[in-house]
Amino acid sequence: MGFGGKIKEWLLDLIYPNYCIGCGNLGQLVCDDCSIGSFEGRIFVEPEIGTLWVAADYNNPIIKQAIGLFKYRYITGLKLFFESLVAKLLQTVKLDTTNVIVVSVPLHFRKKLKRGFNQSELIAELVGRMGGWPVDDILIRRRQTVSQTALSRKDRQDNIRGAFMVRDSNLPRHDVTVILVDDVYTTGATMNECKLVLEKAGFQRVVGLVLAKKRTS
Ligand SMILES: [Zn+2]
């Protein structure tokens, strides 16, 4: 982060004083008690991605609020909260290999430019730092897609097909576990497409990791 970014972060921290979004106590954006209460740490097996590591339930009001904030800004209080969720999740899943790369679901560069950051990239950085694994931007978004929210499951899959590619690199691909990171898991259409593209490029083991998963009813 550049100097301008640091100043902006400092200003935002001033504007948004840390009252806990869970219980209202002054101190942290999410206090220790509320943080423990909102962590779930579950391993799902989903048809779209296979193994999916999930830190929290999106329907938990604290998580919903935190992720709502995260869409617009990345203040220090959020960073600390997400760090604690990721740390607890990595303790829960206990990955038994060091042969790992962390890859985020990419945003189209135009969208990233508009928003200023890519949420999944920021979470991937946390995962890499806490797990001691390299983060690689091996996935590229080659075209913009229309917003997925209003689409049916089938249309989401059609919408996302062909949106990603793996860039050339000398990374070893066999016996590597790719941790594919996104902020929220909804239908899994995006992660599914990323996984297919990674597998086609020779990565045999892909697991998903998200901060939160929406309940499917
Ligand atoms: Zn609290």
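Trainee: Where does Arg 142 sit?
Mentor: In the loop between β4 (139-141) and α7 (153-160). Helices here are DSSP runs of H or I with at least four residues, strands are runs of E with at least two, and both are numbered from the N terminus.

Trainee: What sort of model is this?
Mentor: A predicted one: local features need pLDDT of at least 70, side-chain atom pairs count only at pLDDT 80 or more, and totals for chains, interfaces and linings use all residues. Residues are numbered from 1 along each chain as its sequence is written.

Trainee: OK. Is Arg 142 buried or exposed?
Mentor: Arg 142 is exposed, with 12 other C-beta atoms within 10 Å. The cut-offs, with C-beta atoms placed from the backbone: buried is 20 or more other C-beta atoms within 10 Å, exposed is 12 or fewer, and partly exposed is in between.

Trainee: What does Arg 142 touch?
Mentor: Ala 163, Phe 164 and Met 165, leaving out residues up to four places away in sequence. Contact means C-beta atoms, placed from the backbone, within 7 Å.

Trainee: And how far is Arg 142 from Val 30?
Mentor: They are 36 Å apart in space, C-alpha to C-alpha, and 112 residues apart in sequence.

Trainee: Switching to α6. Why does its span agree with what it should be?
Mentor: Helix α6 covers residues 119-131, so its 13 residues should span 18 Å at 1.5 Å a residue, and its end C-alpha atoms are 18 Å apart. The expected span is 1.5 Å times one less than the number of residues.

Trainee: Which residues of α6 are buried?
Mentor: Gln 119, Ser 120, Ile 123, Ala 124, Leu 126, Val 127 and Gly 128. They pack against α3 (61-70), α4 (76-93), β3 (100-104), β6 (177-185) and β7 (205-213).

Trainee: What comes just after α6?
Mentor: Gly 132, with a positive phi of about 75°.

Trainee: You listed α4. At what angle do α4 and α6 pack?
Mentor: About 50°, with the axes 10 Å apart. That makes α4 oblique to α6. Axes are lines fitted to C-alpha atoms, over the stretch in contact for helices, and angles run from 0 to 180 degrees between N-to-C directions. Under 35 degrees is roughly parallel, over 145 roughly antiparallel, 65 to 115 roughly perpendicular, and the rest oblique.

Trainee: Is that crossing left-handed or right-handed?
Mentor: The crossing of α4 and α6 is right-handed.

Trainee: Which residues make the contact?
Mentor: From α4, Phe 82, Glu 83, Val 86, Ala 87 and Leu 90; from α6, Ile 123, Leu 126, Val 127, Met 130 and Gly 131.

Trainee: Which residues of α4 are buried?
Mentor: Gly 77, Leu 78, Phe 81, Phe 82, Leu 85, Val 86, Leu 89 and Leu 90. Their cover includes α2 (32-38), β2 (50-57), α3, α6 and β7.

Trainee: What follows α4?
Mentor: Lys 94, with a positive phi near 45°. Lys 94 is in the loop between α4 and β3. Lys 94 is exposed, with 6 other C-beta atoms within 10 Å.

Trainee: What about Asp 175, where is that?
Mentor: In the loop between β5 (164-166) and β6. Asp 175 is not a glycine, yet its phi is positive, about 55°. Asp 175 is exposed, with 10 other C-beta atoms within 10 Å.

Terms used. Contact = placed C-beta atoms within 7 Å. Left-handed = near helix turned anticlockwise from the far one by under 90°.
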